Amino acid sequence: MTADLTIDLDRLMGRIAALGRIGALPGGGCKRLALTPEDAEGRALVTGWFRDLGLDVHTDVIGNCWAIRPGRSSGAPVVMGSHIDTVATGGLYDGVLGVLGGLEVIESAIQAGIETERPLAVAFFTNEEGARFAPDMMGSGVAQGGLDLDEILAKVGIDGVSVAEALAAIGAAGSHPVGALAPDTYLELHIEQGPVLEAEGLAIGVVTGVQGISWTEITVEGQAAHAGTTPMALRHDAGLVAARIAAEARAIADAFGPPQVATVGRIALTPDLVNVIPERAVLTVDLRNADEARLQAAEARLFAQAEAFAAAEGCRLSRRTLARFEPVAFDATLVDAVEAGAAALGLTHRRMPSGAGHDAQMFAPRCPSAMIFVPSQDGISHNIREYTAPEEIAPGVRLLAQVALARAGR
Ligand code: HGY
Ligand code: MN
Ligand code: MN
Ligand code: MN
C-alpha cells in the first residue's frame, strides 16, 4: 500500500451523499437518467470538485469528461473512471463510486505530496446505463471508437428525444474529438451489484472480464378486437405472443444454465385496455453470457421461437438490436496487479467475472483495463435499496490507489 497516502473516507462519503441528493427519489435512491437536467446538475457538481482540485478538465463531443493531474512526464494518463448517470430506480453507488473514488485517490495523493511519472486522471462517461438511450456504455463506446458518433447522436430514446437533442438541451458536449482520451491504463472501482462477495464474506472482487450483452426490441403486430365477442381461434393477440416470448427467454436461461441470464424489462401493449385484445406489443429482451457462442445460440433460439409464436397467432413480428457487446477479458498483467495489491493490503478477495456491463469493457480492447469490486448489500443494485457500507468502500479505494499509483509510476 502506498503507506504515505491516507484516504479521507468522510470526504468521499460526503461527496457520494451530495451527488445522491441530485435526483433524489422520495423513498431513497436517485434518478439521474442520462442527459436529463438531473444529469446536468450532477455533472456540474462533479466537475466543480475536479476544478476545485486544480485538475485540467476536458469534455469531448458526446459529453465524456475527464480531469487530469499532470505527472512528471506528459505521457498517456492512468485513468480511473466510471459513470454518474443512473437508471430510474438508481442507488447512490453504481458508477458514482468509481468516479468519486478516483477523485479521492488523486486528492489524497496531492495532499500526501505524491507525484507520479504519468498523469493521473479521473473520468465519467456519458450514458453508461443505456436506460434512456440504448445502447449502454454509449459515451465510452464512442470515445474508444467502438460506436459511431453520428449513429449514436441520431439515436432516439424512450421519451422520443434524440441523443443530439438531449446533449444540446443540457449543453453537455465539449470540444474534444472522439478518441481525445487515450489512457495508458484504465481502472474502474465499482460495486459488485450481485450477491457473491457478500455471500462469501470477501472484501474485494478482482474482476477478470465482462460478459457479453444482447439487447433486442421486439415489436408484434396483431389485431385489436373485442375481448368478449372474439372466439379464441380467431384472435391475433399481440399480447399473448409477447407473453410467450417472455416465457421463452426464461426457458432459455433455465436450459442454458449459469451464467446465461435473460430479462424482459419492458413490455408495452396497445391499446392497453382491459377489454381489448392487444393489437401491438413492444418488448425488450436482455440476454447475457460470458461465452459468445452461447450468447449467439441463445439469441438464435429466442428469435426463432418468437417468429414461431407470432406465426401461430397470425401476427407480424419485427425486431431491432438495441445493444450488442461481446464478452471481454481484462488485461492479465493488470488483473494480476489488482490481485497482488489486494493481497499486499491483506484484503480478502477472489477473481470473478462481471455480470453487469461497465465502461471498462469499452476500454479493454484498446488499453490495459481492469476493475475492482466491493460488496453490494443483499446483492441488490438498480434498486433504491442499493447499499455498500463505508467500511466496505474504503478497501476498494485503497486498492484503487495502490494499483493506479503503481501504474503511474511514483
Ligand atoms: O446494463 C448494464 O449492465 C449496465 O448497468 N449498463
Ligand atoms: Mn480541453
Ligand atoms: Mn455501473
Ligand atoms: Mn448500472
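Colleague: Before anything else, what counts as a salt bridge here?
Modeller: A salt bridge is a side-chain nitrogen of Lys or Arg within 4 Å of a carboxyl oxygen of Asp or Glu. Please keep in mind that this is a predicted model.

Colleague: Which residue does Arg 301 meet in a salt bridge?
Modeller: Its side chain meets that of Glu 248, at 2.6 Å from N to O. Arg 301 sits in helix H9 (residues 292–312) and Glu 248 in helix H8 (residues 238–256), 53 residues apart.

Colleague: Is Glu 248 buried or exposed?
Modeller: Glu 248 counts as buried because its relative accessibility is 9%, and the limit for buried is under 20%. Arg 301, at 31%, counts as partly exposed.

Colleague: How many salt bridges are found in the whole structure?
Modeller: The search finds 18. Among them is the one between Arg 350 and Glu 200, at 2.7 Å from N to O. That pair links strand S14 (residues 349–354), which holds Arg 350, with helix H7 (residues 196–200), which holds Glu 200; the two residues are 150 residues apart.

Colleague: Which residues are joined into one network by salt bridges that share partners?
Modeller: Arg 11, Arg 15, Glu 104 and Glu 107 are joined in that way.

Colleague: Changing topic to the metals. What are the protein donors of the manganese ion (ligand 4)?
Modeller: They are Asp 94 (OD), Glu 129 (OE), Glu 129 (OE) and His 382 (NE2), lying 2.2 to 2.5 Å from the ion. Along the chain, the donors follow the spacing D-x34-E-x252-H.

Colleague: And where are Asp 94 and His 382?
Modeller: Asp 94 is in the loop between strand S3 (78–82) and helix H3 (96–111), while His 382 is in the loop between strand S15 (369–374) and helix H12 (390–408). They are 288 residues apart. Asp 94 counts as buried at 6% relative accessibility, whereas His 382, at 40%, counts as partly exposed.

Colleague: Which residue coordinates both ligand 4 and ligand 3?
Modeller: Asp 94 does, and these two manganese ions are 3.5 Å apart.

Colleague: What about the manganese ion (ligand 2); which protein donors does that one have?
Modeller: Its protein donors are His 58 (ND1) and His 176 (NE2), at 2.2 to 2.3 Å. His 58 lies in strand S1 (residues 56–59) and His 176 in the loop between helix H6 (163–170) and strand S5 (185–191), so the pair ties together parts 118 residues apart in sequence.

Colleague: Last one: how far apart are the end C-alpha atoms of H12?
Modeller: They are 26 Å apart, which agrees with the 27 Å that its 19 residues should span at 1.5 Å a residue. Just after H12, Gly 409 takes a positive phi of about 80°.

Definitions and conventions: Residues are numbered from 1 along each chain as its sequence is written. Chains are lettered from A and ligands numbered from 1 in the order in which they are written. This is a predicted model: local features need pLDDT of at least 70, side-chain atom pairs count only at pLDDT 80 or more; totals for chains, interfaces and linings use all residues. Side-chain values use heavy atoms; hydrogens and water are left out. Donors are N, O and S atoms within 2.8 Å of the metal (3.2 Å for Na, K and Ca); water is not among the atoms, so sites may look incomplete. Helices (H or I, at least four residues) and strands (E, at least two) are DSSP runs, numbered from the N terminus. Buried means under 20% relative accessible area, exposed over 50%, partly exposed in between (1.4 Å probe, protein chains only). The expected span of a helix is 1.5 Å times one less than its number of residues.
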